[in-house]
Structure formats: C-alpha cells, structure tokens
Amino acid sequence: MQPPFFSIALLSATALSYQILLIRLFSIIQWHHFAYMVISLSLLGYGASGMFLCLARDWLRSRFPTFFIANGLLFSFSSILCFLIGQKIPFNPLEIAWGGHQIIYLLILYLLLTLPFFAVANCIGLALSHFTKDIPRIYGFDLLGAGAGALGIIVLLFLLNPMTALYVIGSLGLVATAIAFLESRLRPRWISALLLVIAMVLPPILHQQDIPLQISPYKSLSQTLTVMGTEVAAERSSPLGLLTVVKSPVIPFRHAPGLSLNTSLEPPTQLGVFTDGEGMSVITSDDGQPDSFAYTDFFTSALPYHLLSLPQVLILGAGGGTDVQQARYFGAESIDAVELNPQMADLINNTYADFAGNLYAKKNIRVHIDEARGYVAASNKQYNLIQLALLDAFSASSAGLYALSESYTYTTEALIDYMTHLRPGGMLAVSRWIKVPPRDSLKLFATAAAALDGMGIKEPGRRLILIRSWKTSTLLVKNGEFAEQDIAVVRQFCEDRSFDLGYYPGMITAEANRHNILDRPYFHEGATALLNKAERESFLKRYKFNIEPATDDRPYFFHFFKWSALPELVSLRASGGLPLLEQGYLVLIVTGVQAVLASVLLILVPLWFGYLRKMKMSSSSIRHNCLWVVVYFFSLGIAFLFIEMAFIQKFILFLRHPLYAVGVVVSGFLLFAGLGSSYSSCLKENTVSQKNALIIAVAVIAGSALLYLFLLPVLFQKLLWIPGPLKVIVSFCLIAPVAFCMGIPFPLGLSGLSSRAPELIPWAWGINGCASVMSAVMATLLATHIGFRGVIVTAVCLYVLAALAYPHPQKSCHAPGVHYE
C-alpha cells in the first residue's frame, strides 16, 4: 500500500489555513495577542499527537487506513464545531489577572481548539511512522500542502467572510478524507462519493444559518452598539480586517480626538468605522460648506498648517478621511492619501461617496492603496508636510494591547525615510494618544531625536516641537531649524486653544504644564533629558517604561514594559493600574510558560514513564545513545520557525504590505522546503551520506541566512521600483536556496532514526511539534530584546547544534544489550 500523499498534502493545507483563520477569527472576537496565545497553545495538539502515536503505535500499526480516515473526519467536523462551541464559553481575557474562573475557561478553549490539530497531526505522524521508506516524500507533500494553504487562505479571505471560510475549510477536510479513501483503495467506493457530496453541500447549508461572531463586550464596537439607536449599516471583510460601519442617528458620533475645550464647534454628521471591532475611524459628511470642517483647526494636528502656506501634503493612514478633510480645509495645494485597506477607501470612494462629498474625487486629492513605508520608499516626490494619522483605538492603546504589534511606521529608519522626502522647511507631523505617565509621546520623541542623529544633525533639538491637548499630542520634525517667528506662532496656537507646550527650542520649564495640568511637567522633563546626550542613557535606564527608540530590527514601538517596574505596577492593580502592565507582553510571557509546561506534561513526561520504560533501556543508555533525538528534533523545530518569522519581517518593506510578506514568505519557505524534503529521498541510505548531506545543508542555511542579514537591506533598496509580480519572483528566488536546504534535515533525521530505532519516530514528531509551538513565542520575545538579527543568528546556532547532535557513522541509538518489545 502506498502512502496517501495527496490526502496528506490537502490535510496539511487545510490545517495551516485553519490556523491562520483562527487567528483572524479570534482577533475579531477578542484581541490579536490573545488570539496568538490561544492558537499557539492549541497547536500543542501536534506534540500531544506524538505522545499518543508512541503509546498506541503497536495497536495502530495494523489499522492505518481506518485510523487515518477517522482522524480526517475528526478534523473536518471538529474544526467547525470546536470554534462554534468556543464562542459560547464566557472567556474574558481582561479578567485573567483577578478572575480565577477565567483560567478554567481558557483551559477549556485550549482543549477544544487542540482537537482539530491533534487529528491532523495523527494523520501525518502515523504516515511517517508507518511508511518509513517514504518519509522524505511524505514530509515533502506535507510542506508543499502547507505552502499552498498559506496562499490559499489569503485568497479565500478576500472572497469570503471568515465564518464562511471556516465552513469551507471543514469541507476541504472531508475532501481530503475522500481522497485518502481512494488512495488507500478501501471499499465500498460510494463512501468517498458521499463524503464529496457532503463537502459540497455543507458550506451553503451552514452559511444560511447566519451564525454571528460573538465579539467581546469590552471591545469598542460592542460598547458602541449598546448606545440607543445605533445599528450596523455595512460590513466589509478581508484578510486586512473586518470593517463595520455603524450609524447612530439618536446620539450622533462626535469623534474629534483631543479637540480643544475652548471651541464650541462640532463635527458634522459622522459614521463610525471599526476594524476588527476596534480602532474606530469616522466618515464625516460634507455638505460643501467651507466651514464644515473648521473644528479640525482645534486639533493638535492643525499646528503645521499654521506654519506652512498652501502645502503639498502626504497623509499616511487616511482611514475615514478626517485628516484629508483637515488638509482641504487649510487649502493644501495637493494631497496624497495612503491607505492600507482598499475596502476602507472603497467605502469613501463608492459606498458613501455622496455622504462624504465625493472626497476622493476632488482634483487635488490622490488616493494610494499601499503600506506607508513602502509607498514612501518607492516615491521620489517631496512634500511640505507628511502627516501620520492617529488611527489606533485609545482604549486598546492605553491598555497595552498593541505591545507586541510590529510597527514599521514609527521606527528610526522610517522617520529618516519620511524626512528625506521633505522639502527644505517641510515638516513631519506625528500625532499620538496621551498616556500618563507618558509613553508613546516620549518614545516617539526619542525615536525622532535618534533619527536626526542618524542623519548627522548636530543639534536635533532645534528641529523638534512637541505639544499636547488633554487627549492627544503632536510632534513636529522640521527639515531645517525652527525660527523665532515659528516658535511665536506655536506659542500663540497653544495659548488660543489651551494646549500645553511640551518642547520647543529654548523652552523653559515654567511654560510647561499650564492648561491640562499633571503632577509634574513629564513631557518637558522627558524631552529635555532625551536631547541631553550626557543625561539620555541615565534617563532611559531609570524611567519606569521602555521608551528607547524603535528600529527596523526591533520594530515594537508599542512595547513599553520593563521588568524592573513590575512589582510596583502589580501593587497598583487594585487601584486601577492594570493597563500600565502592558498586557500584550505579559500575555506572551504567560504563553511561553504555558507552552513549556504543557510540553513537559503532555509529551516528555508521559513518553518517558509510559513508552521509553517499555523499551527496557537503562537511563544511562538513553542519555548516551538517544539524547541526539531530543537535541536534534527540538533544535530543528525552533530554528525553522525562527528563520521564517525573521524573513517575514525583512520582506515586509520590500513587498510593501504585511499580508503579502506573510503569504509570499511562508508559502515560499514551505514550498521550497517541501522540494528539499523530496530531494532528500534521493540520498543513499547510509549514515555517511546522510551526515555529509546534513553538513552541506546546514552550511548553506547558515551562510545564506547570515549573508542576507547584510545583503537584503541593500538589495531591497535597489529593487523597490520593480513591479509587484516581479518582486514576488525575486522573493522566491532569494528564499529558495535557504528554504530548500531547511527542508532536508528533518526527513533526513527521521530516515536515520528509522534505521536505528523506528519506535522513536512518533516521539521525534512530537518533540518537533512541541518545539514549533514554542518557537513562535520565543522568536517574538527574543526580537523585542535582541532584534530579528539576533533571532536569525540564534537559529543558525541551533542548526549547527542539530548537525553536531546527529550521530556519527559508527554510533547507534541501540545500546549493547538493549532490546525493544
């Protein structure tokens, strides 16, 4: 009997698609980092599968077709049912810190979502264990299928809403099971036909049930919909987010962040637009009257328009169009608006075009669907004003829910890119939410000062101005020094609107903290210390939050957590200080701890006491002869994902879109690794040949990865101008050599193990699965502290360790006198 290759490929594709889809679904109903935690731990189903296959290997050996079919069916139905049941669990992640019952709910979610991955892992793991001579081809089909799934789910989410996509994935599991039935030549054949019919009718039947997503009641959208008269007017879904348009005719929206308390002006009628239930933007009605948007003159973001005359403006993050309307109100000569989500632009340009006064049809306005950094890097145009819009939600931002979100918009390199696109005397304006004690504003100020230092500016302080309202702050960075008349305008602007001065060249402390009074003039003190080179390092070290400049290598602008401040912050929990804990980072720590404990309890301990003891090995024999199995497969599991995740970050700027980077890099790595795995089946089945192939593969991996650390930034800068399809081809060409070689060590190790101790193959499969789960958490933690360069170097070291752990030709995993039952 031949292995069910095509069924394995399709199951692998659906499993990876399911994983990505669950992250999207949980990002909508909860928050993205809680989704990350739940899915990461659920993937321990791969590790638990290794344990199960080890313990039940003898019983399953003669029942391969039946067991494979049963697990295919289990995945198909559990992938849908487990999520639907999970929605009914009253899990509120914001209560975990003080509500012990939430831990129980979380464990139930883990168990539910582990089941589909456990089923798929059983199929693949049993095939690897049962068909030991076909290990490279089986693993190759597994990776090739996963690579196709990485691209397929992105396409699917552009075509269908997330719930319908869930039904389709469950149905594809039935298709894979039907194919396995045919590949295994089981009878009666009509069963496979029946499975295909069920797969065809299941999605439309479930779609008609119109089962809604149960969004957390603590998200902004849920809170808004509790207001009398509010209702959802429209929804748009894509991999970039679920856009929900809300109208509120009874109690109208008045979205004007940081609006001066000195004005009586109000915004016109507005529609709220939420992305994944958070990050509210608004579409504002335009009746054509010149003064309709006069209220925008009372934002802190209006300051640059009082310093510039008829500017050419670039707006990064157009959102609902408020910043574009503000630029129009001040008579901007031309406006380039960059928006990441095409569906957001379509709402303004088509669905609500009349409501918005045909904003994007104006002659001097051009809309670009692009990522901010990618657009700027590829553009040769220069501007008088580049404005970074304030789009993230205040509630999520203040609670630290973006702490582990990579943002290449606010890095040192990004600010340098922006400033090189300013005309002489032009300005970069960046607005952020006010937090007390200050975090965003001071970190942005530190990043801007570092960018100016990097450009060789001797006195960065003469090019910076910081102001704040009761809710927002705006930082100005000028391509040139601020003159005395500029400063006079700034002071008058703030005085008229009761805004506070944070910093301007020559400012004294007595001018700070006059209107929106804090305990101390934190913003002025921080800005002054950050500009003082003698005091800067000391200030950064003693400040209670991490406000060191963000970089492309460590792009975690919203990561403010410091371990030294943890005891004090925990003590404030009862008095409402929980948001200061930066929950995103702590959740990642908790996830890592849970992954380690679960790995030990579910995999290593049961295997040691349940399975390895049955082999009648002495502990010394295990240590001396089988230690390589643990070191080898654990190192590979960690290292593979380390490099993959680091490459995703490196390719974001080149491909000009995070979504495209994920799709191209993940699919590229898996597809070429699958080819590498298939190639390894051509190697001679002896330890010398396998050891040499392993050494060559690891050498290519190490050399390519380390070379790319220095080559990719330069190469990408030279190739930014080429069209998108050609960029994808270039990306695949760059990924191919390292990914091809990364596909060789795992099947090579399993093949070597099959000739020494085939009973250990399920154990190796479980160890590798466990390591893969841990690697996602560990890579992010390492990147926040040592950067993605450090992550790549660590991965290279792990590959070298794996090569050293692989046994030499004269060694065997069997110890003298050891026998297997």
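The dialogue below sets computed values against the definitions of the terms.

Tutor: This is a predicted model, in which local features need pLDDT of at least 70 and side-chain atom pairs count only at pLDDT 80 or more, while totals for chains, interfaces and linings use all residues. Residues are numbered from 1 along each chain as its sequence is written, and side-chain values use heavy atoms, with hydrogens and water left out.

Student: Why does L307 count as buried?

Tutor: A residue is buried under 20% relative accessible area, exposed over 50% and partly exposed in between, with a 1.4 Å probe and protein chains only. L307 has 15% relative accessibility, so it counts as buried. P304 is buried as well, because its relative accessible area is 0%.

Student: Where in the structure is P304 found?

Tutor: P304 is found in helix α11 (residues 303-307), and L307 has its place in helix α11 too. Helices are DSSP runs of H or I with at least four residues, strands are runs of E with at least two, and both are numbered from the N terminus.

Student: How far apart in space are P304 and L476, C-alpha to C-alpha?

Tutor: P304 and L476 are 7.5 Å apart in space, although 172 residues separate them in sequence. For L307 and G425, the C-alpha distance is 9.9 Å and the separation in sequence is 118 residues.

Student: L476 belongs to strand β11. What makes β11 a mostly covered strand?

Tutor: Seven of the seven residues of β11 (residues 472-478) are buried. T472, T474, L476 and K478 point one way from the strand, S473, L475 and V477 point the other way, and all are buried.

Student: How do you know that β10 and β11 pair, and in which sense do they run?

Tutor: Two strands pair if DSSP finds at least two bridges between them. Strand β10 (residues 464-468) and β11 have five bridges and pair in the antiparallel sense; I465 stands opposite L476. A hairpin of three residues joins β10 to β11. Strand β9 (residues 422-433) also pairs with β11 in the antiparallel sense, over seven bridges, and V430 stands opposite L475.

Student: Which strands run parallel to β6?

Tutor: Strand β5 (residues 312-316) is joined to β6 by five bridges, and the two run parallel. Five bridges also join β6 to strand β7 (residues 365-369), again in parallel. A337 of β6 stands opposite I315, and its bridge partner in β7 is V367.

Student: What makes the crossover from β6 to β7 right-handed?

Tutor: A crossover is right-handed if, with the strands pointing away from the viewer, the path from the first strand over the helix to the second runs clockwise. From β6 the chain crosses through helix α13 (residues 342-351) to β7, and this β-α-β crossover is right-handed. β5, helix α12 (residues 322-329) and β6 likewise make a right-handed β-α-β unit. Strand β6 (residues 334-339) is mostly covered, with six of its six residues buried.

Student: Why is the pair of F557 and F558 called edge-to-face?

Tutor: Rings of Phe, Tyr and Trp (its six-membered ring) pair if their centres lie within 6.5 Å; planes under 30 degrees apart count as stacked, over 60 as edge-to-face and the rest as tilted. The rings of F557 and F558 have centres 5.2 Å apart and planes at 90 degrees, so the pair is edge-to-face. The pair of W628 and F633, at 6.3 Å and 40 degrees, is tilted. F557 and F558 are buried, and so are W628 and F633. The structure holds 40 aromatic pairs.

Student: How do you know that a charge sits over the ring of F654?

Tutor: The rule requires NZ of Lys or CZ of Arg within 6 Å of the ring centre and within 35 degrees of the ring normal. The charged end of K727 sits over the ring of F654, 5.4 Å from its centre. R439 lies over the face of F545, at 4.9 Å from the ring centre.

Student: Why does the span of helix α27 agree with expectation?

Tutor: The expected span is 1.5 Å times one less than the number of residues. Helix α27 (residues 724-742) has 19 residues and should span 27 Å; its end C-alpha atoms are 26 Å apart, which agrees.

Student: Where does the kink in α27 lie?

Tutor: The bend at a residue is the angle between axes fitted to the seven residues ending there and the seven starting there. In α27, a kink of about 45 degrees lies at A736, shortly before the proline P737. A736 is among the buried residues of this helix, which include K727 and L734.
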